[in-house]
Amino acid sequence: MRVMLRAPKITLEGIETAKSTIKDLRGTIVYQRQDSRPGGGVIANLIVEGERTAIGGILDLIPVEQLGGFTEFGPAATMTGNVVYRIAIPDDEVGILLVFAEVAREVPTAVRPQTTAYIARYVASGQSLIAVDAHGNIVGYALAEPHDKETLSLVYLGVSKAARGQHVSSALISKLKEIGAPIITDVRSDNKSSMVERFRRFGFVETDSDGNRTKLRWEMSPTPEGDSRLTKV
């Protein structure tokens, strides 16, 4: 598994400390680039390779600023081949976190110390879906959990930038709809991805807006009496 780490401003000593920490956590640096900043400091980019547990341990140190000045991270792989969709499992959490970090500014949100726990919670619900490319890279996710006994709550929808234009978002939504339960979600007013318009194209309707968030809902079209295909959450 690979991850890109970036330090917008760091000292050379900080880079060496970070490299030592990464090595101690059994990560291997397979690419490194450093560029001087006007006025001092360095912009640093590293690609780190390791087992999922090693990468997870490295990522855990970034939100709490314990990795020598590296504050940004995301997938280091590009889109490769066809995409398959499946229910997320605990082994997927690190891959989901990488995409989450890459697209966080569009929501907008950020990776915080509690983010990993939130992702684990949504995965544990059994209702979250991921998109995986031909090389096993996670390129998208729909993080969801039951809102109540009848309704599903879609909390986050994200697609890696390398997988854009491949209809990954619409496919994830279509797969989520197959559960059959009504789906609710909301979009922040400062969202940078035109998500309200996109959800409308996915068949969602606006139910409320308070200026800060727009709430939307999708429901399956009524079926003939006696049709029991609807599966509850």
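**Briefing: loops, cores and pockets of a predicted model**

S194 sits in the loop that joins β9 to α6; helices (H or I, at least four residues) and strands (E, at least two) are DSSP runs, numbered from the N terminus. This is a predicted model, in which local features need pLDDT of at least 70, side-chain atom pairs count only at pLDDT 80 or more, and totals for chains, interfaces and linings use all residues. Residues are numbered from 1 along each chain as its sequence is written, and side-chain values use heavy atoms, with hydrogens and water left out.

**Overall layout**

- The protein chain contains six helices and eleven strands.
- Its C-alpha trace spans about 70 × 35 × 30 Å along the principal axes.
- Of the 233 residues in the protein chain, 42% are buried (buried means under 20% relative accessible area, exposed over 50%, partly exposed in between, with a 1.4 Å probe and protein chains only).
- Taking contacts (heavy atoms within 4.5 Å) between residues at least 6 apart in sequence, 66% join residues at least 24 apart.
- The protein chain exposes about 12,500 Å², and carbon and sulfur atoms supply 48% of that area; accessible areas come from the Shrake-Rupley method with a 1.4 Å probe, and for residues only the protein chains shown count as cover.

**Nonpolar cores**

- The largest nonpolar core has 36 residues, and those with the most contacts inside it are L5, L59, F70, F73 and I96. A nonpolar core is a set of buried Ala, Val, Leu, Ile, Met, Phe, Trp, Tyr and Cys residues joined through side-chain atoms within 4.5 Å.
- At least two residues of this core come from each of β1, α1 (12–24), β3 (42–49), α2 (52–61), α3, α4 (115–124), β6 (129–132) and β7 (138–146).
- α3 supplies the largest share of this core, eight residues.
- A second, separate core has 26 residues, including A131, L152, F204 and L216.
- Ten of the eleven residues of α3 are buried, so this helix is largely enclosed by the rest of the structure. Among the buried residues of α3 are I96, L97, L98, F100 and A101.
- With neighbours within four places in sequence left aside, F73 is in contact with V3, M4, L5, L59, I62, L97, L98, A101, E102 and V111.

**Largest pocket**

- The largest pocket holds about 600 Å³ of space. A pocket is an open set of points on a 1 Å grid over the protein atoms alone, where a 1.4 Å probe fits, with protein on both sides within 12 Å along at least five of seven lines; lining residues have an atom within 4 Å of a point. Grid points are joined across faces, edges and corners, and a volume is the space filled by probe spheres set on the points.
- Its lining has 29 residues, of which V107, V155, Y156, L157 and D186 are the closest to the centre of the pocket.
- β8 (152–159), β9 (183–188), α6 (195–201) and β11 (213–218) each give at least two residues to this lining, and β8 has the largest share, with seven.
- By class, the lining of the largest pocket has 14 nonpolar, eight polar and seven charged residues; Ala, Val, Leu, Ile, Met, Phe, Trp, Tyr, Cys and Pro count as nonpolar, Asp, Glu, Lys and Arg as charged, and the others, Gly among them, as polar.

**Second largest pocket**

- The second largest pocket holds about 420 Å³ of space. It is lined by 20 residues, with E72, F73, A101, E102 and R105 the closest to its centre.
- β1 (2–10), β4 (72–75) and α3 (93–103) are the elements that give two or more residues to this lining; β4 gives the most, four residues.
- The lining of the second largest pocket divides into ten nonpolar, four polar and six charged residues.

**Loop residues and backbone**

- V107 lies in the loop between α3 and α4 and counts as partly exposed, at 24% relative accessibility.
- Beyond its neighbours within four places in sequence, V107 is in contact with R188, D190 and N191.
- The peptide bond from V107 to P108 is cis, with omega near -10°; P108 is in the loop between α3 and α4.
- R26, in the loop between α1 and β2 (28–36), is not a glycine but has a positive phi of about 70°. R26 is exposed, with a relative accessible area of 74%.
- S194 also is a residue other than glycine with a positive phi, near 55°. S194 is partly exposed, with a relative accessible area of 45%.
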